[in-house]
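I opened this notebook to record what I looked up in the structure shown below. The entries follow the order in which I looked.

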Amino acid sequence: MAIRIDFRSDTVTRPTPGMLDAMMHAKVGDDVFEEDETVNELEAKLSRIFNMEAGLFCPSGTMTNQIAIKCFTQPMDEVICDQTAHVYRYEGGGIAYNSLASVRLLHGDRGILTPELIDPEINEPNIHYPDSTLVVLENTVNKGGGACYHLNQIQPIHALCQTKGLKLHLDGARIFNALTETGDAAKDYGQYFDGISVCLSKGLGSPAGSVLLASKETIRKARKIRKVLGGGMRQVGFLAGAGIYALDNNVERLKIDHQHARALESTLNSLSYVDHVMPVQTNIVIFKVREGLEAINIVRKLTDLGILCNTTNRDTVRFVTHLDITSEMIDQAIDILKNLQP
Ligand SMILES: *Cc1c(COP(=O)(O)O)cnc(C)c1O
């Protein structure tokens with residue numbers, strides 16, 4: 001059989017037999033009426049895990065982020081985030097469209113922000129300026145090659161936001177990858193954020209779904225916004241069941257994905273066509289190709305050999321490890337990478 005090893009994203013995973021079984025047996029009801037037991041259970045479970053008051057199951061991570069931004073801003077406000085942020089780059093201009101807010105872009109190290117970077121960018125009250133009302137952090141940082149915050153880097157950002165009266169939202173699409181790497185406890189996160197988005201369809205391997213975590217009051221507002229965006233679903237416990245299964249079975253194993261990413265990193269570091277690999281922290285490997293080479297040509301050659309990956313720039317290539325990548329596949333991929341004639 002032809003080789004096909006898919007490193008394009010951790011969203012390409014397919015539900016395992018165990019997950020499908022959990023989905024088939026989920027107890028469902030009409031979630032717009034808040035009567036889907038499995039959705040309610042998932043929302044309560046994740047709220048407990050992160051020590052937040054309430055949760056809201058949504059079709060995508062984009063929707064959880066956009067709802068949070070809508071909840072935490074007014075038209076003409078300004079959102080502060082890193083220039084690589086998913087909420088800014090990959091949500092289709094949703095901040096402008098949904099929230100009528102502007103964005104202040106910072107330049108963090110691999111997308112990681114500090115109070116020193118944020119503080120000078122917070123506008124003083126003045127009729128000329130948009131009101132700075134929200135900071136968005138991403139953990140792990142997708143475009144930063146899976147770089148992650150430790151909780152002790154988040155605490156001073158929270159303190160600054162408190163002092164200046166800004167809300168703090170976490171785009172935690174890959175928060176469990178961050179927790180796996182840092183050893184921080186999920187239950188310590190809730191106190192530092194007004195909102196947390198958690199994706200079930202990335203490393204956790206669910207077919208779809210994300211949960212927004214926040215206070216009860218925020219979630220009441222968020223539920224209305226979800227409805228307006230067309231995200232009110234009915235017997236969606238079939239998907240929430242996959243999410244519960246994922247939380248019970250697929251969190252511990254994320255360390256395997258990180259080991260696989262490090263194995264790729266060490267091979268790539270030894271190859272003549274690789275200029276530099278961003279030090280791997282979690283499940284994303286981004287490398288820069290040697291001067292004179294085009295990343296897209298490397299990706300095409302690898303694709304022809306059955307190794308699927310993406311460019312992230314003219315001169316960078318990205319590999320993402322996940323649930324459907326086995327150790328045997330990593331060995332095969334390493335062989336192919338070593339023998340590639342760029
Ligand atoms: C994938 C991702 C999201 C959500 O994306 P959806 O495809 O809408 O689920 C949000 N933030 C980050 C950092 C992501 O990587």
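In which crossing, left-handed or right-handed, does α2 pass α8? I found that α2 passes α8 in a left-handed crossing; the near helix is then turned anticlockwise from the far one by less than a right angle, and clockwise would be right-handed.

Before going on, I noted that this is a predicted model, in which local features need pLDDT of at least 70, side-chain atom pairs count only at pLDDT 80 or more, and totals for chains, interfaces and linings use all residues. Residues are numbered from 1 along each chain as its sequence is written, and side-chain values use heavy atoms, with hydrogens and water left out.

Entry on the helix pair. I read an angle of about 35° between helix α2 (residues 37-50) and helix α8 (residues 175-182), with their axes 14 Å apart. Axes are lines fitted to C-alpha atoms, for helices over the stretch in contact, and angles run from 0 to 180 degrees between N-to-C directions. Helices (H or I, at least four residues) and strands (E, at least two) are DSSP runs, numbered from the N terminus. From α2, Leu 46, Ile 49 and Phe 50 make the contact (heavy atoms within 4.5 Å); from α8, Ile 175, Phe 176 and Leu 179 do so.

Entry on the ligand. I listed 13 residues around the ligand (a heavy atom within 4 Å), the closest being Gly 61, Thr 62, Asp 171, Arg 174 and Lys 202. Helix α3 (residues 61-72) gives the most to this shell, with three residues. For polar contacts (N or O atoms within 3.5 Å), I noted a backbone N or O atom of Gly 61 at 2.8 Å from a ligand oxygen. A polar side-chain atom of Asn 142 lies 3.1 Å from an oxygen atom of the ligand, and a side-chain N or O atom of Lys 202 lies 2.8 Å from one.

Entry on the backbone. I recorded a cis peptide bond from Asn 139 to Thr 140, with omega near 0°. Thr 140 lies in the loop between β5 (131-138) and α7 (151-164).

Terms used:
A polar contact is a pair of N or O atoms within 3.5 Å; within protein, one must be able to donate a hydrogen and the other to accept it, and residues adjacent in sequence count only if both atoms are side-chain atoms.
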